[in-house]
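Work through these exercises with the structure open. Try each task before reading its solution.

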Amino acid sequence: MARSQSPTSVITIERFIMEQERLHPEATGELSNLLYDLCLAAKIISRQVRRAGLTDILGEFGAINVQGEVQQKLDVFANETVRHSVEHTGRVCVVASEEDEHPIPVQVRADRRGGKYVLLYDPLDGSTNIGVNVSIGTIFSIHRRSATKKGPGSLADCLQKGRAQVAAGYILYGSSTMLVYTTGQGVHGFTLDPTIGEFLLSHPDIRSPDVGTYYSVNESHWNRWAPGIQRVVGAFKNGDGGKVEAKNARYIGSLVADIHRNLMSGGVFLYPADTMSPHGKLRLLYEAAPLAFVVEQAGGAATDGKRDILDIKPTELHQRTPLIIGSRRDVAYASAVLGEK
Ligand code: AHG
Ligand code: MN
Ligand code: MN
């Protein structure tokens, strides 16, 4: 729960990251600095989001991205802001974004060695909600380089299982701007105080309730789902004997906002495969995997219906996956029903 901050007890994200780093004597500080870089990008994007409608940042950019989606101006702004915040630092060897067809290898001229880390990200999640002032987000996933040893990184460095992530998190541009992340030592939430331009620790050690209050799914797809999914969603809606209680429905259409609400209050989010999207809609590398790392660290679970999201070995940068994620016992219930013959 958020704790009251006396004026002298504020813990900035910089201080928190530093204290976390001290738990690892072997740490070089590069991951800490990469997380700071992302904080800066988050503040810059938050400023634009907060002023959207007053500046020429709303509306369509006038291009189609690799996903076949119309790019919004804020998609492009956020995409470039994140890349610019990391590409000159020598900390990353390759970045890959939902908005770019291919990974972008990074080579800082003076440094032959090349960065240790790989950054995968969804710069602006929930794009269809930008123009109607509904919460949107940014999602990031950090790996160590794995396929190349030095110099610019490659696609192979990006195609790693979610279980190998060294850090992951999201920024939620909601009623306040929050940054939530994990490095495998629990999940911690920071709220941006725009009056001082700092992310302050507001939600230390976030733990998700084992059973959710909410279920979140786009029910307009009902007729396109497999019978097993219809059974699972029917049970979350109406209950299933003593196995699962009927839940309340909440669906915002911004993955980050739906996941954050369910993380805090307990809930289960589903974006299943259907007859129009046989692999689901959401992307494994920079949506499902980072959020699965966060949710698992908070005591929850994430599956594609058969396997843990974090155990899926990616073969393509933009590959999609069905996703059921949230409170541990709700995800287990869904997996059990889907596993029945
Ligand atoms: P993005 O804006 O990055 O493309 O992500 C949109 C995603 C996700 O945020 C959300 O959960 C989902 O699209 C909503 O899809 P539907 O409108 O099909 O429900
Ligand atoms: Mn997205
Ligand atoms: Mn996006």
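**Exercise 1.** What covers the buried residues of H1?

Solution. This is a predicted model. Begin with the residues themselves. In helix H1 (residues 13-22), Ile13, Phe16, Ile17 and Gln20 are buried. Viewed down the axis of H1, these buried residues fall within an arc of 95°, so they line one face of the helix. An α-helix has 3.6 residues a turn, so residues three or four places apart point the same way. Now look at the cover. It includes helix H2 (30-51) and the strands S8 (177-182), S9 (187-193) and S10 (198-203).

**Exercise 2.** Is Asn133 buried or exposed? Locate it and check its phi.

Solution. Find the loop between strand S5 (117-125) and strand S6 (136-144); Asn133 sits there. Its relative accessibility is 74%. The cut-off for exposed is over 50%, so Asn133 counts as exposed. Next, the backbone. Most residues other than glycine have a negative phi. Phi of Asn133, however, is positive, near 60°. Asp205 also has a positive phi, about 50°, and is not a glycine. Asp205 lies in the loop between S10 and strand S11 (214-216).

Methods:
Residues numbered from 1 in each chain as written. Chains lettered and ligands numbered in written order. Predicted model: local features only at pLDDT ≥ 70, side-chain atom pairs only at ≥ 80, totals over all residues. Heavy atoms only, no water. Buried < 20%, exposed > 50% of the residue type's maximum accessible area, 1.4 Å probe, protein only. Helix = DSSP H or I, 4+ residues; strand = E, 2+ residues; numbered from the N terminus. Arc of directions from axis to C-beta. Contact = heavy atoms within 4.5 Å.
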